[in-house]
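Trainee: Before we start, may I see the model and its sequence?
Mentor: Here they are.

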Amino acid sequence: MKIIILGAGQVGGTLAEHLAREENDITVVDTDGERLRELHTRLDIRTVAGPASYPVVLRQAGCEDADMLIAVTSADEVNMIACQVAHTLFRTPTKIARVRATAYLTRKGLFAHEAVPIDVLISPEQVVTDHIRRLIEHPGALQVLEFAGGLVQLVAVKAYYGGPLVGQDLGFLRRHMPSVDTRVAAIYRRNRPIIPRGDTVIEADDEVFFIAARRDIRAVMSELRRVDRDFRRVMIAGGGNIGERLAEHLEHSHQVKIVEHNLERCTVLSERLDRTVVLHGSATNKRLLEEENIEDCDIFCALTNDDEVNIMSSMLAKRMGAKKVLTLINNAAYVDLVQGGEIDIAISPQQATIGSLLTHVRRGDIVNVHSLRRGAAEAIEAIAHGDTQSSKVVGRAIGDIDLPKGTTIGALVRGKEVLIAHDDVIVESGDHLILFVIDKRRIRDVERLFQVGLTFF
């Protein structure tokens, strides 16, 4: 595909890297010449310097014959105008824009074709907030991904010494829990992927990705690790967009405190939030944490815009007795460095956002993509179409589908029914299949699997 990315910031740069690896024709537009030079040298992509919404700049970037425009500059207005220009002057087929301000997002009809013609709206703050909310709802999970409107969840947990399944093969899981249907989609051992089979033995410290119907997730998690009690007391460092949205979502079911260093912002938060306690101060202030009884806190979420503040406040909170710490880290290089030590969960906002963008880049009827393991792996929800003549999956048993190497089918959803992908399950047209792909180089092969041909000989 020929794709133009407006904005070479962290989301734009990470997206360019993902898409360039998949042999797409990528052009990145930004006003920062230095950043463009660095991207051009590292990724071997086209770059154009200039204001992203100017018609002359979009023409220079090749908007006349582009398949897709992805506007992820830091300014909502630039993203919106760029989509308008691309639609009016160049008839660009697909326009995706990042829009952050709720003042725009809450206006019905604003982003219709006859108004501001944006096909897909992306709000990174909302994506990250949802991601954190799911982790708080599932204590002990490293990652929680939803498919088929929340009917199915893919959860990553770390297997602990003394867990019931450690030292057992995967076949034991089925015998041990006959009433709960689940499938292990992948195992990462010392950062290397293992394709699970019935005789694969789970070791302590393995990162296990398993898939199950939403209602069964808790039961499976309890087998892989000691169950953490539900989080009740939540402390949030940083009252920005993500901190505010998270507090708004949690305050009626949890005891929530927000620590914010900007006094004006504290006033705004105290007016907007109902039950959240808003504290003015720094999350790295030891005395403040002491006074607020950090040792009673179930989870401390560091969500400021500053990576160093997030890391230091999380480490301080953990040492002072917080049960769990969750840290937002913009610099992707830091994520692997800090997770698993004193910091329990490190979240990269770019990785959380990339999945929602990749959904629209994939060929075939792909409705959901989640980027995993810092972009090395993907979880995909694809819809099977056609019949036994025109499709490589419809009418076949899962055990007979010729899957690309390193790919597993975890589950399929038929209507509202969740079927875990055992070898004898037959795929029907309209089924939603959830796949785990450990090697990104195989993505094209997965897409071809779900493209309907006239006939296959």
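**Pocket and salt bridges**

Mentor: This is a predicted model, and its largest pocket has a volume of about 870 Å³.

Trainee: Which residues lie nearest the centre of the largest pocket?
Mentor: The lining consists of 46 residues. Elements that give two or more residues to it include α1 (10–21), α6 (124–137) and α9 (241–250). Those nearest the centre are Gln10, Arg100, Glu125, Asn305 and Asn330.

Trainee: How many residues of the lining are charged?
Mentor: By class, the lining has 18 nonpolar and 21 polar residues. The charged residues number seven.

Trainee: Where in the chain are arginine 100 and glutamate 125, and how many residues apart?
Mentor: Arginine 100 forms a salt bridge with glutamate 125, with the closest N and O atoms 2.9 Å apart. The pair links distant parts of the chain: arginine 100 is in the loop between β5 (94–98) and α5 (102–105), and glutamate 125 is in helix α6, at a separation of 25 residues.

Trainee: Is glutamate 125 buried or exposed?
Mentor: The cut-off for buried is under 20% relative accessible area. Arginine 100, at 28%, counts as partly exposed. Glutamate 125 has 9% relative accessibility, so it counts as buried.

Trainee: What separates aspartate 130 and arginine 133 in helix α6?
Mentor: Aspartate 130 forms a salt bridge with arginine 133, the closest N and O atoms being 3.8 Å apart. Aspartate 130 is partly exposed at 23% relative accessible area, whereas arginine 133 is buried at 14%. Because the two are three residues apart in helix α6, what separates them is about one helical turn.

Trainee: Which residues are linked with Arg35 in a network of salt bridges?
Mentor: Arginine 35 forms a salt bridge with glutamate 38, at 2.6 Å between the closest N and O atoms. Both sit in helix α2 (residues 33–43), three residues apart, so about one helical turn separates them. Arginine 35 is partly exposed at 23% relative accessibility, and glutamate 38 is partly exposed at 34%. The residues linked with Arg35 in the network are Glu17, Glu38 and Arg42.

Trainee: How many salt bridges does a search of the whole structure find?
Mentor: The pairs above, including arginine 100 with glutamate 125, are salt bridges. The search of the whole structure finds 24.

How values were computed
Residues numbered from 1 in each chain as written. Predicted model: local features only at pLDDT ≥ 70, side-chain atom pairs only at ≥ 80, totals over all residues. Heavy atoms only, no water. 1 Å grid on protein atoms, 1.4 Å probe; cavity = no way out; pocket = protein on both sides within 12 Å on 5 of 7 lines; lining within 4 Å. Points joined across faces, edges and corners; volume = space filled by probe spheres on them. Helix = DSSP H or I, 4+ residues; strand = E, 2+ residues; numbered from the N terminus. Nonpolar A, V, L, I, M, F, W, Y, C, P; charged D, E, K, R; others polar. Salt bridge = Lys/Arg side-chain N within 4 Å of Asp/Glu carboxyl O. Buried < 20%, exposed > 50% of the residue type's maximum accessible area, 1.4 Å probe, protein only.
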